[in-house]
Amino acid sequence: RASLPRFFARLAEPQPGDEGFAVKIRYTTRRGDGENIWATEVVRSGDTVTATISNQPRDIPDLRHGQRVTVPIAQLTDWMYRRNGKIHGGSTIRALLPHMSRDEAERLRAMLAPE
């Protein structure tokens, strides 16, 4: 979260080759724990972002894939964008690599830009 200003600066002034800007949003589930959902088509407005949910939530009944949502920036847990095909940001992806199958981890490592 500390690097969100870097993401928002790039979102405001994308460079050639930049695409796929996304944020990860934390929602409280029916059971009271948290579920983190990636969202794309990100637009910032002051202390909020509006974005489109990119996957089907598991335990958030009022949220669905493709839904447009507006949330406080404080609800964001990660960010990423692609530059010339390489993923920048994606701290949660990097943290989960040791818990993935070897093939999946290798596939993602090849897509990650050095940080």
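These legends go with a few close-ups of a predicted model. Residue numbers start from 1 along each chain as its sequence is written, and side-chain values use heavy atoms, with hydrogens and water left out. Local features need pLDDT of at least 70 and side-chain atom pairs count only at pLDDT 80 or more, while totals for chains, interfaces and linings use all residues.

**View A. Phe7 and its ring partners.** There are five aromatic pairs in the structure. Rings of Phe, Tyr and Trp (its six-membered ring) pair if their centres lie within 6.5 Å; planes under 30 degrees apart are stacked, over 60 edge-to-face, and the rest tilted. With Trp79, Phe7 makes a tilted pair, at 5.4 Å and 35°. Phe7 sits in helix α1 (residues 4-12) and Trp79 in strand β5 (residues 76-83), so this pair ties together parts 72 residues apart in sequence. Helices (H or I, at least four residues) and strands (E, at least two) are DSSP runs, numbered from the N terminus. Phe7 is buried at 0% relative accessibility, and Trp79 is buried too, at 4%. Buried here means under 20% relative accessible area, exposed over 50%, and partly exposed in between (1.4 Å probe, protein chains only).

**View B. The aromatic cluster, plus an arginine over a ring.** Phe7, Phe8, Phe21, Trp79 and Tyr81 make up one aromatic cluster. Over the ring of Phe8 sits the charged end of Arg44, 4.4 Å from the ring centre. To count, NZ of Lys or CZ of Arg must be within 6 Å of the ring centre and within 35 degrees of the ring normal.

**View C. The largest nonpolar core.** A nonpolar core is a set of buried Ala, Val, Leu, Ile, Met, Phe, Trp, Tyr and Cys residues joined through side-chain atoms within 4.5 Å. Of the 22 residues in the largest one, Phe7, Phe8, Val23, Ile25, Tyr27 and Leu76 touch the most other members. Helix α1 and strands β1 (18-28), β2 (34-45), β3 (48-53), β4 (68-72) and β5 each supply at least two residues of this core. A second, separate core of nine residues includes Ile93, Leu97, Ala105 and Leu108.

**View D. Gly17 beside Arg83.** Gly17 lies in the loop between α1 and β1 and is partly exposed, at 33% relative accessible area. Gly17 and Arg83 are 66 residues apart in sequence, yet their C-alpha atoms are 5.0 Å apart. Leaving aside neighbours within four places in sequence, Gly17 is in contact (heavy atoms within 4.5 Å) with Arg82, Arg83 and Asn84.
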